[in-house]
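Have the model open as you read. The text starts at the ligand and then moves to the open pockets.

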Amino acid sequence: MEYILAPSILAADFAKLGEQIDAAAAGGAKWLHFDVMDGCFVPSISFGMPVLESVRRFTKLFLDVHLMIVEPGRYIDEFARLGADMISFHYEAAGEESAKLAGRLHELGKKAGLVISPDTPAESIKELIPAFDMVLVMTVVPGAGGQTFMPECLDKVRKIRSWIEEGGYDCHVEVDGGVRADNIAEMKKAGANVIVAGSAVFRGDAAANAAELMKALD
Ligand code: DX5
Ligand code: ZN
């Protein structure tokens, strides 16, 4: 199984975002996690289309866009047009529309991810897994970087990984929030193969931090 580190630029220094992206790539990152927050689905506001446009022009890394927004169906076409590679939206926001939005993303040639927050049981999305390329299990409450990892969420990772194996689905399992060098091995053991890390990468030497986390994934 391929293990992927996805540094979250939410934790980067935006005064030197290009340098920070290069540093994360130098540390071995192949994905870049792009946290879009709308101030409605989550209390905070982060960044959107103009930043994605610049980041897309700047890097060849795989852009893993995480939409923490209401009404994701209104925006997925625009994020696809601006160069996102994977677009993940919250089941709590899309609900019954989730499979339809995944179909739309596939029509646009993009990968589709479905996100569940800590309070959402894994069973809620079990039937939807075959429609998606990734399930993102939040291991913090969405809305901010630098929070403490919630170990109780790993049970959901184990369940989802077992359903993917039973079904033979080609679907990543991503964990997002509170990942550090001292807990990343637990994520891998639970069955996650894509690991988001924001503050653990961008606080301090991003290249060295990313390399350390990549080593832990070997
Ligand atoms: C939280 C975001 C996460 C966050 C990760 O709402 O979805 O991607 O930026 O940051 P850390 O790794 O610092 O918890
Ligand atoms: Zn995220």
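**The ligand and its surroundings**

Ligand 1 sits in the largest cavity. A cavity is a set of points, on a 1 Å grid over the protein atoms alone, where a 1.4 Å probe fits but cannot get out. To sit there, more than half of a molecule's atoms must lie within 2 Å of its grid points. This is a predicted model: local features need pLDDT of at least 70, side-chain atom pairs count only at pLDDT 80 or more, and totals for chains, interfaces and linings use all residues. Residues are numbered from 1 along each chain as written, ligands from 1 in written order, and side-chain values use heavy atoms, without hydrogens and water.

The shell holds 20 residues (a heavy atom within 4 Å). Asp35, Gly143, Asp176, Gly198 and Ser199 are the closest. Strand E2 (31-37) (strands are DSSP runs of at least two residues) is one of the elements that give two or more residues. E2 gives the largest share, three residues.

Now look at the polar contacts (N or O atoms within 3.5 Å). A backbone N or O atom of glycine 143 lies 2.7 Å from an oxygen atom of ligand 1. For glycine 178, the backbone distance to a ligand 1 oxygen is 2.8 Å. Serine 8 uses a polar side-chain atom, 3.2 Å from an oxygen of ligand 1.

**The largest pocket**

A pocket is an open set of points with protein on both sides within 12 Å along at least five of seven lines. The largest pocket has 15 lining residues (an atom within 4 Å of a point). Lys111, Asp133, Asp170, Cys171 and His172 lie nearest its centre.

Note on methods: Polar contact = N/O pair within 3.5 Å; in protein donor to acceptor, adjacent residues only side chain to side chain. Helix = DSSP H or I, 4+ residues; strand = E, 2+ residues; numbered from the N terminus.
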